[in-house]
Structure formats: C-alpha cells, structure tokens
Amino acid sequence: MHNAAQVREHEAAAAQAQNASLFDLMQRAGAGAFKHLLERYPLATKLIVLVGWGNNAGDGYILANLAHQHGLCVELACADPARILTGDALLAQQLCLQAGLQLVSWQQVDCSKADVLVDALLGTGLRGEIRPLMQNIIEHLNQVTVPILSLDLPSGLDADTGSPMPVAVKAASTVSFVALKPGLVTGIAKTYCGELVLDELGISHAFSQLATSSAELVSWASLAPLSVRDKHANKGHFGRLLCIGGNRGMGGAIRLSAEAALRSGVGLVKVFCHEQSQWQVSTGRPEIMLNIDSGTAALKAALDWCTCIVLGPGLGTDSWAQSQFEQVLCYVQLSQKPLLIDADGLNLLALKKAQSTHLSLPMCIVTPHPGEAARLLDTRVKDIEQNRYRACQDIAQQYGVVVVLKGAGTVIGSSQTNEVQVCADGNPGMATAGMGDVLSGVIAAMIAQGLVAQLAATYGVCLHAAAGDRVASIYGQRGMIAGDLFEPLRTLLNYQ
C-alpha cells in the first residue's frame, strides 16, 4: 500500500514509463470503474454521477460518458456548476458535453430515483476538514438508500488514516486507483468503503519501482506455508507455553488462550491461574496442564519450564494479579524469554509505564484493542481510531515491543522496523467475548514453534482472522463464539 503523497508524486513518472499520459490514466480509471459498476450492478439502467472539480471529478466524467455511450440513462450532478475546470478534468468534462450530457446542480437531481450513485466529489488531495458545501452533499447522499460507488476513495475520507473529515460518503463499493491507500483498509474506513477493489491502471510495475510502500496488506492466503514437521519430532520440539491469568471467576479467558494454543500446534501448554479458577481451566480439556501451587516459587518454576509466556487473559488488577505481573516482568527482563501481554496485563502495563520512565520489554508482543491502546498511550479511544497506524507505531516505540492493534483491519507494527502490516481477513462476527483471548493463544503458539515475534504476530493474526471467516462462511456471522474457531484453526494450519 502507498499513501496519497506517494501516489501523487510518482504516478506521472510511472505513467510516462508505460508510454501513457495522466489523461490516459484518467480514462483508464473511468473505464475500470464503469466495468466494475456493470459487474456489480448488472440491472442498473439509471446513474447519477456526482462530480466536484478536481481529477476525481475527471474520473467521474469519463465514467459518465462511457455509461451514456452504453445506453444507460445518466445525470451529471455538479457540486458547483459555475466553477471552471482546468487540465485533464476539463478535457473529461468536455467529452461529456460534446456527447450531449448536461451539467446540473446537485440540488436539482433526485438521488432516490437512481439505481446507482457514483461518488466523484473529492479525491486524495483533500486537506483538512471539507467545506460546508461538500459536507451538505455528503450528508444528503448518506440519507439515500441507493447504493453508492466511490471512485478512488469515499469522498471526505482521509486516504492515509481512514478518518472522516469530519463526514464521508458511505459507499457500497469503492474502486481505488494505482495503489491501495492505507486509510481504506482499517478501522471505521472499512464501513465507509464497502467492497474495496483495486485497479492499478496498468502501471503497477513502474509505480512499484518508484514508490516506497507505507504499509503491507496481508492475509492468511498470502503467507508462505509453515515448514513441514520432521517425522521424528516429539512434543518438546514445538514449544512449552505458559499461560498466566484466570483470576477468581475469570478462568474462561485463560482457558481459551490455552486451548487455542494447542489447536495452533504448540507442543505443551501449562496454565498458572488462581486456585479458585482451576476447575474452569481443566474441565473437559485434560491436555491443558495446571500449576497447582500458586506461590512465588511455583511461578518461578513454571517460568523456568516454559519457552514462551502469555500474560493477562482474565488476570484482573487486584493484589494477586499485580503480584504475578511484577514477577513475570522482572523475570523476562533477565531471561529474554518471549512474552505476550494482553487484556488486564495491558492495563497493569500502562499503570507501570506511568510510574516508571524506564521499562525494557525485549521479545515482547502486546495485543491491545483500542480501549487498551488508549490507556497505554494515556489518550482517548477517539484519538486511537483517528489514526490507527500512528497509534500502533507510538505504542511500539514507547514500549519497545511488537504491537497488534486489534479491530477491523488489525494493524501490526514493531519498534525494530518502520514496516506496518494490516490484516485483510476477519469479519464483524468476531466482535464477541473471548476472541482476543483466542488470538493471544494463537500468536503465542507461533512463537513457541520458533517464529520471531513480528512474524509470529503476522501469522497469528491472519490465521485467527481466516478461521473467523471460515466459520462465517459456513454458519454466518451472528452467533459466532470464540470456541468456534478451534477446529478451523487446525484445518487452516494443516491445509495451508
């Protein structure tokens, strides 16, 4: 993926390298979007194309002219009919006028009478909050039930962060041009974009030679297969995972992490939980080992035994929780063992960071949802969601860790590199209790089996999301529970 500035800076040179002009790219963009429109809405006979005055409007004019030639009924609704266009947008507008299409004000059309609305109002050149005129148009469009096709991005959406500025078109589908923009694939932007399609306009190779990627879109299907296991292997070859959490009445969370780790291929799993939660952890799953003793010496022995640690699911924040948390953090800073912190472990970590300026967490992964991320950075959830990429990188740098910022389009970053990844898999059915606990177990299982932290985070996030998609494809999204992912996890791992 490439940010908007990269596209603006390099698309002309990339086009020239392919013996094309920017107007050629505009024609390709309009043609590609019209092709998608015909495929997505084959029964559509009437279009209303809403245009602004920049190059995004030019794409809309090209589409409108093609639709008119195709025999569709087309109305061109302009944000400001009196505005004089320049450059390639003017050329595209003249093609429409020469073909007999008329420009009218957006207030003169009845958007509810169209089969499809085409949004060509604002492109990637948007700076700051959009003007009141455009806000009024966008708010009007969002009240209409007709499906909207947005060109390049939904108007009003920040291409790099995905944040509305302050409103954005809610599209049924979006055709993005040249390169995917990072803001379109994470957080609330996924709601605004609808179905997202990329048309590289025939310059992908040349563009990739010139531009620097700002983020990578990853999925389970895109990852290289995990290595085949040796035939002489035993359980000790695939890691010993220690899961710490499960305070009074909260044993279910750590049980989910432990079982998810087993289903994700780890060799041995042991749970260190509150003595009153041991029955919740062990019932029906004898493969999970329990640490019966609960004192400091017992935890030290368990830490010595393991090769990887999960800390936090169901941990709580009381004195028992704080005691386990402090002992684990002291241990890993000396032992260099991989540690994954989730849930209440993150809340205790935020408190510790506030009390201490020096905090070293080598080989650590943190997996916050936006609320936990806000506590880690001492800010608001709103600030996290306005720029999920920046939030992920800020946590990574402040804590020196690998970060998995959960949510729609989970973001993965690291203090060791500027590379950021976004998971393309997953669905809203996964917004249910225990899914984060399962994810912790899956990622930790990847570490226990030998993957380095950032790679383990990538594989774990994508595997977890793909398992959720597998469940949704069979049963639907509603009613999905965390335990539903166990069988798909195993299937995906073995038939990658």
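Residues are numbered from 1 along each chain as its sequence is written, and side-chain values use heavy atoms, with hydrogens and water left out. Because the model is predicted, local features need pLDDT of at least 70 and side-chain atom pairs count only at pLDDT 80 or more, while totals for chains, interfaces and linings use all residues.

**Helices that pack together**

Helices and strands are DSSP runs numbered from the N terminus (H or I with at least four residues for helices, E with at least two for strands). Axes are lines fitted to C-alpha atoms, for helices over the stretch in contact, and angles run from 0 to 180 degrees between N-to-C directions. The packing values of two pairs are set out here.

| Helix pair | Angle | Axes apart |
|---|---|---|
| Helix 3 (residues 55–69) and helix 4 (residues 87–98) | about 20 degrees | 8 Å |
| Helix 11 (residues 319–335) and helix 12 (residues 344–355) | about 70 degrees | 11 Å |

The angle of about 20 degrees makes helix 3 roughly parallel to helix 4, and the angle of about 70 degrees makes helix 11 roughly perpendicular to helix 12. In these terms, angles under 35 degrees count as roughly parallel, over 145 as roughly antiparallel, 65 to 115 as roughly perpendicular and the rest as oblique.

Contact means heavy atoms within 4.5 Å. N55, G58, Y61, I62, A64 and N65 in helix 3 meet D88, A89, A92, Q93, L95 and C96 in helix 4, and by class this contact has 7 nonpolar, 4 polar and 1 charged residues. Here Ala, Val, Leu, Ile, Met, Phe, Trp, Tyr, Cys and Pro count as nonpolar, Asp, Glu, Lys and Arg as charged, and the others, Gly among them, as polar. In the other pair, A321, Q322, F325, E326 and L329 of helix 11 meet G345, L348, L349 and K352 of helix 12, and these residues divide into 5 nonpolar, 2 polar and 2 charged.

N55 in helix 3 is also in contact with M26, besides D88 and A89, when its neighbours within four places in sequence are left aside.

**The aromatic pair**

The rings of W220 and Y459 have centres 6.0 Å apart and planes at 90 degrees, so the pair is edge-to-face. Since W220 lies in the loop between strand 8 (216–218) and strand 9 (240–244) and Y459 in helix 17 (residues 453–475), the pair ties together parts that are 239 residues apart in sequence. Both W220 and Y459 are buried, where buried means under 20% relative accessible area, exposed over 50%, and partly exposed in between (1.4 Å probe, protein chains only).

Helix 13 (residues 370–377) has 7 of its 8 residues buried, so it is largely enclosed by the rest of the structure. What covers these buried residues includes helix 12, helix 14 (381–386), helix 15 (388–399) and strand 15 (402–405).

L201 has a positive phi of about 60 degrees although it is not a glycine, and L201 is buried, with a relative accessible area of 5%. N19, with phi near 60 degrees, is exposed, with a relative accessible area of 76%.

Notes: Rings of Phe, Tyr and Trp (its six-membered ring) pair if their centres lie within 6.5 Å; planes under 30 degrees apart count as stacked, over 60 as edge-to-face and the rest as tilted.
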